[in-house]
Amino acid sequence: MAASAKSVLITGFEVSVLQFVHLSNMRSCSSGIGKALAFEFHHRGLRVFAASRSLASIKDLSDAGIDTVQLDPASASSINAAREVVSKATGGKLDILVNNAGQWLEKPAIETEIDKVKALFDINVFAVMAIINDFIPLLIAAKGGGTIVNHGSMVRSLPHPFTAAYNASKSAVSQYSHTLRIELEPLGVKVIELVSGRVATGLITVPTLDESSIYKPLEPILQKRAREAETQQKAEVFAKAAVKSILEKPGNVEVFKGNLATIAWVITTFAPRWAIHAVFRSTVGLGDGKLRGAIAERAVARSKH
Ligand SMILES: NC(=O)c1ccc[n+]([C@@H]2O[C@H](COP(=O)([O-])OP(=O)(O)OC[C@H]3O[C@@H](n4cnc5c(N)ncnc54)[C@H](OP(=O)(O)O)[C@@H]3O)[C@@H](O)[C@H]2O)c1
């Protein structure tokens, strides 16, 4: 690797045991987007730092000549230690920071425990801010100014039902990225939001609703929706397109890749909100009178207990 090679740090790699079991049952699914991005940046000649909570889970990356760094996005001291490692290795600079680590949470909004929402925001939102705050001196020091890539989602502005907290976390990342972009302009650091559509990874698991959930009648529809998400674009295909855009079109402040991402942009830009709601209502059975009635009955029955 040439000493002058651009450097990139990517967070979020590990496939947990649960995810691994899930992945092995899914023919079309690859491992996470982080791994695919790392291999693609490496292929394009960049010096890649793969930052994961568990180095053991990314041994295949170090075997391929990619630098691996331990980083827990939820821990300030871990972020700080990772920054020290990268700084030492690069002489105090970083060209691209990809905040990719993220969690999924699927549950009816009114039945989601606030502790779970807070844990989700810790990773999807607050860790993004903490990592940027810590790594910013390295990005400012990069020749020509560094680039921050925040991994958002098309659901940032779509009412995808039963993932309200996740959608809200991606809206927060989006708004944060837009504001940060303007603040960092004088420092020469660019901010890109990856507004991704569906990609086949272990992120989305098939949900089971509590027996007491008032939305229990919708469970088969939600399970079908999750299984359909499994058949989407492979992470490697996504990574190739995303990295091409990040490296070759740095002026693009939003990058739409993954299944349905472009359609989502068209819908959110041009369709009226009532039409968008009608579409999403129907995708989970909330437009069906019988199902709505069953949910309302369960809510009434529950309120009597
Ligand atoms: N797959 C999709 O359809 C899709 C669509 C739109 C956006 N995205 C976004 O793409 C990013 C990557 O997701 P993916 O699909 O590749 O899913 P993934 O395989 O589950 O990867 C996400 C990674 O984030 C890290 N992470 C998850 N929970 C964490 C926690 N509690 N604490 C610390 N780190 C945690 C883990 O990496 P380590 O354990 O290695 O640190 C995990 O492997 C996420 O931000 C996701 O929201 C995905």
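Visitor: Is the crossing of α4 and α5 left-handed or right-handed?
Guide: This is a predicted model, in which local features need pLDDT of at least 70 and side-chain atom pairs count only at pLDDT 80 or more, while totals for chains, interfaces and linings use all residues. Residues are numbered from 1 along each chain as its sequence is written. Helices (DSSP runs of H or I, at least four residues) and strands (E, at least two) are numbered from the N terminus. A crossing is left-handed if the near helix is turned anticlockwise from the far one by less than a right angle, and right-handed if clockwise; that of α4 and α5 is right-handed.

Visitor: How many nonpolar residues are in the contact of α4 with α5?
Guide: Residues are in contact if their C-beta atoms, placed from the backbone, lie within 7 Å. Here α4 contributes residues including Ile79 and Arg83, and α5 residues including Phe135 and Leu138. Nonpolar means Ala, Val, Leu, Ile, Met, Phe, Trp, Tyr, Cys and Pro; Asp, Glu, Lys and Arg are charged, and the others, Gly among them, polar. Beside two polar and two charged residues, the nonpolar count is seven.

Visitor: Is Phe135 buried or exposed?
Guide: Phe135 is found in helix α5, and apart from residues up to four places away in sequence it touches Arg83, Leu94 and Leu97. A residue is buried if 20 or more other C-beta atoms, placed from the backbone, lie within 10 Å of its own, exposed if 12 or fewer, and partly exposed in between. Because Phe135 has 22 such neighbours, it counts as buried.

Visitor: How does α2 lie to α8, oblique or roughly parallel?
Guide: Helix α2 (residues 33–43) and helix α8 (residues 235–248) pack with axes 8 Å apart, at an angle of about 50°. So, by that angle, α2 lies to α8 in a way that is oblique.

Visitor: How many charged residues are in the contact of α2 with α8?
Guide: On the α2 side, the contact residues include Leu37 and Glu40, and on the α8 side Glu236 and Lys240. By class there are nine nonpolar residues and no polar ones, and the charged residues number three.

Visitor: What is phi of Phe162 near?
Guide: Phe162 sits in the loop between β5 (147–151) and α6 (164–184). Most residues other than glycine have a negative phi. For Phe162, phi is positive, near 70°.

Visitor: Is Leu260 buried or partly exposed?
Guide: Leu260 is in the loop between β9 (254–255) and α9 (261–270), and its phi is also positive, near 75°. Because 16 C-beta neighbours lie inside 10 Å, Leu260 counts as partly exposed.

Methods. Axes are lines fitted to C-alpha atoms, for helices over the stretch in contact, and angles run from 0 to 180 degrees between N-to-C directions. Angles under 35 degrees count as roughly parallel, over 145 as roughly antiparallel, 65 to 115 as roughly perpendicular and the rest as oblique. Two residues are in contact if their C-beta atoms, placed from the backbone, lie within 7 Å.
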